[in-house]
Structure formats: C-alpha cells, structure tokens
Amino acid sequence: MRFVPLAAALAAACALMGCKAVSKMDTDALMGAGGSAYQAMSLTDADVVTMSNESCAAMDKQSQVAPASSPYTQRLTRAIRGMPDTVNGKKADYKVYMTKEVNAWAMANGCIRVYSGLMDLMNDDELRGVIGHEIGHVALGHTKGAMQAAAAASALRGASGSAGGVIGQLSQSQAGELAEKFINAQFSQTQESAADDYSFDLLTQAKLERKGLVTAFQKLAKLGGSSGSSMMSSHPPSAERAARMQKRIDAGK
C-alpha cells in the first residue's frame, strides 16, 4: 500500500513537471520519501499561499531588488497602472529584480517579480502583456500545480522532512530551492495558451493596448529557447502564439 500514493504522486509530478525532469530524480530518495511526495501533491490553496510566502521571501533575499528610487521600479509602477492590484484576493506585490535574465513570474500569494533584463527587452505594452500572462497562471490555478510539483520534488530530496512535513517551516536554503523549482516549472501547452488568453482578456477589460502581446512573442521568438519566463515556452512556439494573438485582435474579440 505504501507504493500506491507514492506512485500517484510521481505520476502527478510527471504530468506537472515533465517526465524528463522526474526521471532525473534519485530513485533511492524517491523511495525513502514515502508519503511526503504524496502530501506535497495534496497541498491546499492555503498551503500553497504559505509556501509561496516563504519562497518569495527567499528569492527577494537572494536577489538584488530594485529600490523605490530605481528607474526600473519607477517605470514598472507607471506601466502597471490599470493592471490588477489583487490576484485571487491577495494583494499584488510588484518588484523588480536587477538581473540581465529575461524573466517574470507570479505566485499564489500575490508576489509578482519582473526582471530588469525583460524590461530592457520590452516596451511598456509588451511588459504588461507578459505580466498579464504570469498573473493568468495564478488566476487559472496553474501555479498551484507548479508549487505542488516543486514541493514534491523537494520532499523527494528530503528538503522538507521536518515534523510539519512539506508545509512545515522551511529553512532559507529549502525555501530558496523550492522557489527555484517553482520558477523553472514548465506549464503545458494548454496552460500556456490559456494564460495568453487571460492576458489578452485582462488587457481588453482594462482598455490597454493588446498589440504588445503580439510583439512580445515576436521578440521572444527571435531569442529562441524555452528557459526564463513561461512566455518563452516553446510549447506552443512563440511565433504561433504571436499569430494567435494577432488573430484575436483582427477578429475584434
């Protein structure tokens, strides 16, 4: 019976993270994790928010956060006018990380982080399109699955073996590891397309320019690769995503 929930957890992790990533896990660590991985896959919304709080705090601590006086912070503040100030009922907390990496992400606790490398690449319309996409992953529940998978992977490696289990108090290093796994999680093609549409609809409702979604994907297509922001995912390819957003604009819906 011990292997049934563990197998279920592994199957869920495979679906959420990709079987290639799961196949790299240490088999002995997997077997030794017992119910921890299963517990991770059963995290509640409240659990995910708690773990997001710790993960986001760990990322802020290990990253160079742009101060309020930074031109990047000031530009982001201007750019997000009209964008959501809450995400699933949680206050949206926008900050900029000073790094050349092209990335952005959002967590279930309202933590939204934009990298200066992305801001250097994008104009404000494109930036809003990317942010809307990342918020979409939260609003549509995708980030819950990503955090569950990240927690499962961490549990398999013994990162959350305290008495509190995978939702127990995490150390700084454990929270940082969990955050890294979450940020590097890969969403499915269906999830990526749904997040694209969410951003498009969000911009439409706010009466903000939607063309930035098209040109953002066009720029990302030139960069290539599938790392960084989930906007850069190759599933579906950025060029196809740009064409789909343009089609929606042309159709007026």
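This is a predicted model: local features need pLDDT of at least 70, side-chain atom pairs count only at pLDDT 80 or more; totals for chains, interfaces and linings use all residues.
Residues are numbered from 1 along each chain as its sequence is written, and side-chain values use heavy atoms, with hydrogens and water left out.

The protein chain holds 13 helices and 5 strands, where helices (H or I, at least four residues) and strands (E, at least two) are DSSP runs numbered from the N terminus. Of its 253 residues, 50% count as buried, a term that stands for under 20% relative accessible area, with exposed meaning over 50% and partly exposed in between (1.4 Å probe, protein chains only). Among the contacts in the protein chain with a separation of 6 or more, 70% are accounted for by residues 24 or more positions apart, contact being defined as heavy atoms within 4.5 Å.

Helix H5 (residues 45-62) has 18 residues and reaches 26 Å from its first C-alpha to its last, close to the 26 Å expected at 1.5 Å a residue, the expected span being 1.5 Å times one less than the number of residues. The buried residues of H5 include Asp47, Glu54 and Asp60 as well as Val48, Val49 and Met51. Helix H12 (residues 211-223), with 13 residues, reaches 19 Å between its first and last C-alpha, close to the 18 Å expected at 1.5 Å a residue. In H12, the residues Gly212, Leu213, Val214, Ala216, Phe217 and Leu220 are buried, and what covers the buried residues of this helix includes helix H7 (116-121), helix H8 (124-139), H11 and helix H13 (238-251). Following H12 is Gly224, whose phi is positive, near 70°.

Ser199 has its place in helix H11 (residues 189-205) and is buried, with a relative accessible area of 0%. When its neighbours within four places in sequence are left aside, Ser199 is in contact with Arg128, Gly129, Gly132, His133 and Leu213.

Helix H8 also meets helix H6 (residues 71-79), and the axes of the two come within 10 Å and cross at roughly 75°, where axes are lines fitted to C-alpha atoms, for helices over the stretch in contact, and angles run from 0 to 180 degrees between N-to-C directions. H6 and H8 are therefore roughly perpendicular to each other, given that angles of 65 to 115 degrees count as roughly perpendicular, under 35 as roughly parallel, over 145 as roughly antiparallel and the rest as oblique. At this contact, Arg75, Leu76 and Ala79 in H6 meet Asp124, Leu127, Arg128 and Ile131 in H8. By class, the contact of H6 with H8 has 4 nonpolar, no polar and 3 charged residues, with Ala, Val, Leu, Ile, Met, Phe, Trp, Tyr, Cys and Pro counted as nonpolar, Asp, Glu, Lys and Arg as charged, and the others, Gly among them, as polar.

Ala149 is found in helix H9 (residues 142-156) and is buried, with a relative accessible area of 1%, while Phe182 lies in helix H10 (residues 172-183) and is buried at a relative accessible area of 5%. Although Ala149 and Phe182 are 33 residues apart in sequence, their C-alpha atoms are 7.9 Å apart in space; the C-alpha atoms of Phe182 and Ala151, 31 residues apart along the chain, are separated by 8.4 Å. Leaving aside neighbours within four places in sequence, Phe182 is in contact with Ala106, Met107, Thr143, Ala146, Met147 and Ala150.

Rings of Phe, Tyr and Trp (its six-membered ring) pair if their centres lie within 6.5 Å, with planes under 30 degrees apart counted as stacked, over 60 as edge-to-face and the rest as tilted. By this rule the count comes to 2 aromatic pairs. Tyr97 and Trp105 form an edge-to-face pair, at 6.1 Å centre to centre and 65° between the planes. The rings of Tyr97 and Tyr115 have their centres 5.5 Å apart and their planes at 35°, so this pair is tilted. Tyr97, Trp105 and Tyr115 form one aromatic cluster, in which Tyr97 is buried at 3% relative accessibility, Trp105 is buried with a relative accessible area of 3%, and Tyr115 counts as buried at 5%.
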